[in-house]
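Here are a few notes to read alongside the model. Please keep the 3D view open as you go.

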Amino acid sequence: MHDVVRKVAADAATPPRNAAAAGPSGIWPIMLDALRLEAGGKTLIDGLSLELAPGSRSVIMGPNGAGKSLTLRLIAGLIRPGAGSITYGGKTADAALLRRIAVVFQRPVVLRRSVAANLKHALATYGVPRAARARRIDELLALGGLQTLAERPARVLSGGEQQRLAMVRALAAEPDLLLLDEPTASLDPQATAAIETLIGQAAAAGVKIVMVTHDRGQAQRLADEILFLHRGRLTERSAADAFFSRPNSAAAQAYLEGRLLL
């Protein structure tokens, strides 16, 4: 299955898109410098600084309202900070750089067409040559275990099936970075396991993973490092094992004990 992921991530017959636009180092490192975001007179992100590089799987944790989802949206360029800056490989955001980043949300958005047609539309949007699309659709269907559902309307799929479609559709973009915002929050254990398998396969193929989750068990299964946010600030960054056994901050300790709500 890892070979299928690698085929999705890099078509041997087609050079990676945006390689020239992104420069020799691509989007890395991604640097968030003193980001600040306010809305309705409330500070949502407060002086957030963070460096992201390829490799380790990063899981963002923290109480509700900590700024976790906002951080993903800032990285993806979906919203802009009120102050501070974000650079990608030393450059400010442009369309070519941001196309190297894919996002999967908690509730997948699928088109009113078949599973295969959803993937075909995505591949066309990403600029995959028409002649290569049928083969790539087959690879993506196999990757997500969706072969028998290819002609089924995507909107009648179960929640877990829709999320698998959202995952492989995101991987069709050949991303360098995959941002995941609680992708299994509403799924049953079997569907969650399927999504976690896809995450592991993408990471093994070289896709950087940054994921938000409230699920401690999931974080322990998937994370190499934990980024702990509290009140819009990065309060702690540490190896996953260390975070769960001996957190450095009082806020993180309270969160793990269920005492930190805001």
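1. In which kind of crossing, left-handed or right-handed, does H5 pass H7? The crossing is right-handed; that is, the near helix is turned clockwise from the far one by less than a right angle. Before going on, note that this is a predicted model, where local features need pLDDT of at least 70, side-chain atom pairs count only at pLDDT 80 or more, and totals for chains, interfaces and linings use all residues. Residues are numbered from 1 along each chain as its sequence is written, and side-chain values use heavy atoms, leaving out hydrogens and water.

2. Look at the helices themselves: the axes of H5 (residues 115-125) and H7 (residues 159-171) come within 9 Å and cross at roughly 25°. The two are therefore roughly parallel to each other (an angle under 35 degrees). On the H5 side, the contact (heavy atoms within 4.5 Å) is made by Val-115, Asn-118, Leu-119 and Ala-122, and on the H7 side by Leu-165, Val-168 and Arg-169. These residues divide into five nonpolar, one polar and one charged.

3. Now find the largest pocket, with a volume of about 460 Å³. Of its 20 lining residues, Ile-101, Ala-102, Val-103, Tyr-126 and Ala-170 lie nearest the centre. Strand E5 (101-104) and H7 each supply at least two lining residues, and E5 gives the most, with four.

4. The second largest pocket has a volume of about 200 Å³. Strand E4 (residues 83-88) provides the largest share of its lining, four residues. Among the lining residues are Leu-74, Arg-80 and Tyr-88.

Note on methods:
Axes fitted to C-alpha atoms, helices over the stretch in contact; angles between N-to-C directions. Parallel < 35°, antiparallel > 145°, perpendicular 65-115°, else oblique. Nonpolar A, V, L, I, M, F, W, Y, C, P; charged D, E, K, R; others polar. 1 Å grid on protein atoms, 1.4 Å probe; cavity = no way out; pocket = protein on both sides within 12 Å on 5 of 7 lines; lining within 4 Å. Points joined across faces, edges and corners; volume = space filled by probe spheres on them.
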